[in-house]
Each structure stands twice: as C-alpha cells, then as structure tokens.
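Please keep the sequence and the structure in view while reading.

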Protein chains: 2
Amino acid sequence: MRIVVDAMGSDNFPEPDVAGSVDAAREYGDTIIMVGDEARLKQELAKHTTTGLKLEIVHASEVVTMHDKPSVVGKAKPNSSMHVGMNLVKNGAADAFVSAGNTGAALSIATLFTLHRIPGVKRPALTAIIRLKNTNTVVLDVGANADAKPEWLAQFAVMGNIYAKNALNLTNPRVGVLSNGEEEGKGNQLVQDAAALIQPLPLNFVGNVEPKDLLKGGADVVVADGFVGNILIKSMEAATSMMASALREELKANVVNMMGALLSRSAFNRVRKMIDPFETGGAPLLGVNGVVIIGHGRSNATAIKNAVRQARAAVNGRVIETIRDGLQQVPTVSQS
Amino acid sequence: MRIVVDAMGSDNFPEPDVAGSVDAAREYGDTIIMVGDEARLKQELAKHTTTGLKLEIVHASEVVTMHDKPSVVGKAKPNSSMHVGMNLVKNGAADAFVSAGNTGAALSIATLFTLHRIPGVKRPALTAIIRLKNTNTVVLDVGANADAKPEWLAQFAVMGNIYAKNALNLTNPRVGVLSNGEEEGKGNQLVQDAAALIQPLPLNFVGNVEPKDLLKGGADVVVADGFVGNILIKSMEAATSMMASALREELKANVVNMMGALLSRSAFNRVRKMIDPFETGGAPLLGVNGVVIIGHGRSNATAIKNAVRQARAAVNGRVIETIRDGLQQVPTVSQS
C-alpha cells in the first residue's frame, strides 16, 4: 500500500508529520509518501534512522495554513501539499491521503479541485470519531454543510454505516439521528424527515439519539446537519475543557489540594484522555472519491501514525468502493 | 409582593417546595402562596416554624408529573397545581409563578391555557441561565420551538436582553447568536438571517458566538433555535457529567488515588458546581404574559428559594411590561 502524508499539515510541521511517517513506515511496512518542501523534508528526515523503510518525498512548493480560507485556498495555492498529495491519490500513484492540516481547506480541495465526489454522493461530510471507553462513535456531518436536506442526512447514514463496518470493524453498527429527545416525533423537521428516509434503508437504525446517549455509546453512527453536528462537538469540547481548567485552578489553590492532586495524578491523567475524544485522532472526509483522513492540528508523531493506520483500514475495508455500491443500492436516497 | 410556588413541582415534592417557600417567606418577607394538595401541604408545613410568615395554601387536586406529555397535560389535568397557580397570576391574585416541575408542561399550560403570550410575541422561549464564574449567561431558546424563523430569534434577542438588564441587572448586555464560527457569514441560513434582523436593533449585538466563547462569558445573551439550543445545553451537560463520573471512577481505582481525592475534596466540591450551571437554578419562560420561573426537578429548598428570588427580580424589574413595550418599539421584528 502507498499512503501520502501531508508533511506540512500539523501545527508544528514538519517535525511530527515526518516522525509519524517514519514510525508508520516502520510499523506497517507500507510506502509512505511525504509531500511538502523537499529541502526541508530531507533535512527533517535526516534526523531519523530510515534504513530499509519505504519512504518517499514528493515536492510541493506551497503550504495551506490554518488561516487560509477554505473557499479560496484551492484556487490561491494550486501547488499546496494538500493539492499535490490528493492528486497522487486521484492519479492512482497512492491509495490514501493523510493530513493534520486545515480541515475546511482539505474538504474544499478534495471536493472541488482534486478527488471530487464519489458518484451518487450529494454532499461530502466532515466526520468526527468520538473515542469512548469501550467503543468509537462516528458522528457526521460536523461542519461541511451548515444547511442540509433530509436526503443528505440519509446518505450520511449510509456512508457512516459503511465506514463503521469496513474501517472500524464494528458489527451491525447502530445508526441514529442526533435529536433533542429519544422519542419518535422529537426533533426538528429536518430530523423527522431524515428519520423517515433512513427508516426503510437496510441499516440497524436506532432512531433519535440525544447527546447523553451518544456519550454512553448508545449508537455507533450518529448523523446530523453540519451546523448542529459542529455545535455538538464544540459544546462538548468547550464544557470538558472548562471543567479541566477549573480543576487545575482549584487544585493549585492551596497546599493540601496540591498534595491531593499529586497523589491522584494517575487518575487525572486518565481523565485527561476523556477530553481527547473531541480533540485528537483522525477522521475521514466521507463522500470524496478517495480515502482522506484528517487529524487534529495538534497531532504529534503518534497521532500521525494512527491517522495512517486509519487510512490503511479504510483502504483495506474498501470504504470508497463500498460507498459507491451502497448508494446505488439505495434508490430512495440516490435518486432524490 | 405575592409569589406562587408550585408545591407539587420538584422530583421530591412537596418537601423541598414547601421548605423553600418557608425560607423565601422568611428571607424576603413576601407572601408565598403554595399551590397543591391542601391536606398534604398543611401536614408538610406543620414541620416548619412559620410564626409571622406570610404563607398561604391554595388547593389543587391534580399534579403534573415528569412523564406527562406537554401536548396533552393542559387539557387532561385542568386542576393541576401548575394550572391553578398560573391562573392566580393571570387573575391578578399573585405577581409571579415558580415551579420545579415539567418544563414542557409549564410552557404549554402557560401559553395555551392560562397566561398566554405577551401581545406581539410570536413564540415564547425556554431559557437556560448558565452560571459562570463571574457572570450569568442567558441562553434562549433551549427547547420550546424545534423549528424557528429569523423573526422569532430576533424577538428572543430582545426578550433576553430585557431579562438580562431588568432581572439580572447586567449593564448593556452583549447579545449574540449561537453559531459554528465567530466570523460574520458563519452559521446556517437561519443564523445569518436572524443576525441581519438583529443587527439594526437597539442592542449591544456582538454577532456570532461559539460554544467556547459562551463558556468564557463572551456574551450575556445568546439566541438559538430551540433544537440547537437544546443540543447545546444537553451536550454540555453530557460532557461534564461524563467527565465527572470518569473522575469518580478513577479516584476510586486505588488507595493512593482515594487519599488524593480526600485531600483535594474542597477542590472537587467547587468543581462539582461547574457542572451545576447546566442542571440547576431557575430560568424564566420568556414571552408568556406573566413571570414564570422554572427550576430543575432536582431542586432542593435552597434552589426553590433562589427561584423565588429570581421571580422577585423579574417582577421588580418589570420584565413583562418592558418586553411588551420593547417589542412595540422594534417594528422590524414585531411586524414581520
């Protein structure tokens, strides 16, 4: 397998991106193609022992930053590492693309300039994978489409189900719709119309899912429009990070508290990971015609390596091909 | 002032409801009218020292439970303590109504059966007051209207602003719209259309507010449609309660952690209050023609007393009258 890593993606590029590529090449034995400023990548790569590893560098003269506007960057920077890297996948020179860069830019460059949509897909979706204690939950859309149609949500359900089965190896994934109450009939018009479209599909549909059910692992795939999905993820992030800083502050407040904090450090470290589900780890852009995994900007080498692992799983699970076939088998959705 | 307390409202009624009424009568010197099963309330009241306090009981033969459907309870239980209590306000026998009962039922009984809407109000809104470290943030709508029109959000902005100023004593409240990004132009169509309507109003409009800004106190009033507002509040609740139980679990994991937990107990107790903003405390139904404060079902006596305090502030601040006048002065909103 040949996997492209955007070596200019993370906040601290290219260090974590290159280190993660080296680790991935060593652990998985695949070819990792690092895309970015050639001179800089060679210099960075020289810090690592790479004997016997399948590592390649492909030059890209431009870098997409977190400040670049997704709506203009595709045209403004046609030689970015994202652009060049995705084209390698499009042209068959590689099997998947991994980046810890600007998510909106990646979506735009993938959809409009390079890979384009899988035939039949109305709208691609941004995905978040919430890592719970015993399972993962796939949430989509978390930001690509602020206004959505019921048909798009039905497609998200189909695509999320395929990703959960084929890439995350979940058996018979439970698919739900994010709503403000569990009972049938709850939700806004979009949620109700989407549920009516999803109900007859060959999915393990569990109906409405509230945020608390989601965090209790009550569904494996949860669909929402991109506005609501984004508010969901951002609210959870904001609330946990508020609690974490309140804890830190309180524990510094006096010596007894500090001693308590030291004693219970292992507990805190484990709880800190409970904040991570919303912040780190890679998630696929679903609906674009190629495997694209986006990691968090703050990714370290391990996170990059894990994103490569996710890309491998998506390729091995034939996610793209299965989505294409899956949508064709669902006339209600693909014809609407 | 005469304030009605629904004595059959809280999960553990009538104990906390009666105890809170007694405390409120003592602390504020107002008349508290407890509505509910007369025999039961007399029995409960006998446990308290009430000499010199202005406490009254008004009989109501039915009780709204948390399981009652808001859409049918108004008709099904016309003699509920909510129904009877709100009618006391409607008929001028009291100034405000406080309940820790079923929020949806209270909204329905207030809007359709007793107080009705303030003239000019398109839709009443459920409000949540998030208690942050140094301030309170009023969020509305958090559940009354799953689908909303831009005009309704503009009215929520006006009503929320008046409540923040007149009842919470905030000076020149910053009013924002919940969105998925701070930049102008972010948000779904509803958010963008609502922002365009709110912009010219005589408010201190700060534009789009993301969940993290909200929790940092970046706005005093945040409007949303009832679906998104509900997802916001429930996501924050779910995330903080997941973190809290993870903490508890980890701290029980071994003896050293437990000792740490004991030593840092005061810190934990303070942090536990950071979870409260989403769960306790009263919040007004805004837009109904009378002061109605709804507390959380888990309210204890102190929470009931605090809800009475909020009701007093709303009455003293002439919130209802000011909303009526405020909407008339905003032709863009009231005519649409």
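In this predicted model, K47(B) and E44(B) are joined by a salt bridge, with their closest N and O atoms 3.0 Å apart. A salt bridge is here a side-chain nitrogen of Lys or Arg within 4 Å of a carboxyl oxygen of Asp or Glu. K47(B) counts as exposed because its relative accessibility is 58%, whereas E44(B), at 8%, counts as buried. Buried means under 20% relative accessible area, exposed means over 50%, and partly exposed lies in between (1.4 Å probe, protein chains only).

Over all chains, 16 salt bridges are found in the whole structure. Three of these pairs are listed below.

| Lys | Glu | N to O distance |
|---|---|---|
| K47(B) | E44(B) | 3.0 Å |
| K305(A) | E27(A) | 2.9 Å |
| K234(B) | E210(A) | 2.8 Å |

K305(A) and E27(A) form a salt bridge. This pair links distant parts of the chain, since K305(A) belongs to helix 12 (residues 301-316) of chain A and E27(A) to helix 1 (residues 15-28) of chain A, 278 residues apart. Helices (H or I, at least four residues) and strands (E, at least two) are DSSP runs, numbered from the N terminus. K305(A) is buried, as its relative accessible area is 15%.

E210(A) and K234(B) also meet through their side chains in a salt bridge. This pair crosses between chains: E210(A) is in the loop between strand 8 (204-209) and helix 8 (211-215) of chain A, and K234(B) is in helix 9 (residues 226-252) of chain B. E210(A) is buried, with a relative accessible area of 8%, while K234(B), at 23% relative accessibility, is partly exposed.

Where is N102(A) placed in chain A? N102(A) is in the loop between strand 4 (96-99) and helix 5 (103-113). N102(A) counts as buried because its relative accessibility is 7%. A polar atom of the N102(A) side chain lies 3.0 Å from the backbone oxygen of T65(A). The side chain of N102(A) also reaches the backbone nitrogen of A105(A), at 3.0 Å.

Residues are numbered from 1 along each chain as its sequence is written, and chains are lettered from A and ligands numbered from 1 in the order in which they are written. In this predicted model, local features need pLDDT of at least 70, side-chain atom pairs count only at pLDDT 80 or more, and totals for chains, interfaces and linings use all residues; side-chain values use heavy atoms, with hydrogens and water left out.

Note on methods:
Polar contact = N/O pair within 3.5 Å; in protein donor to acceptor, adjacent residues only side chain to side chain.
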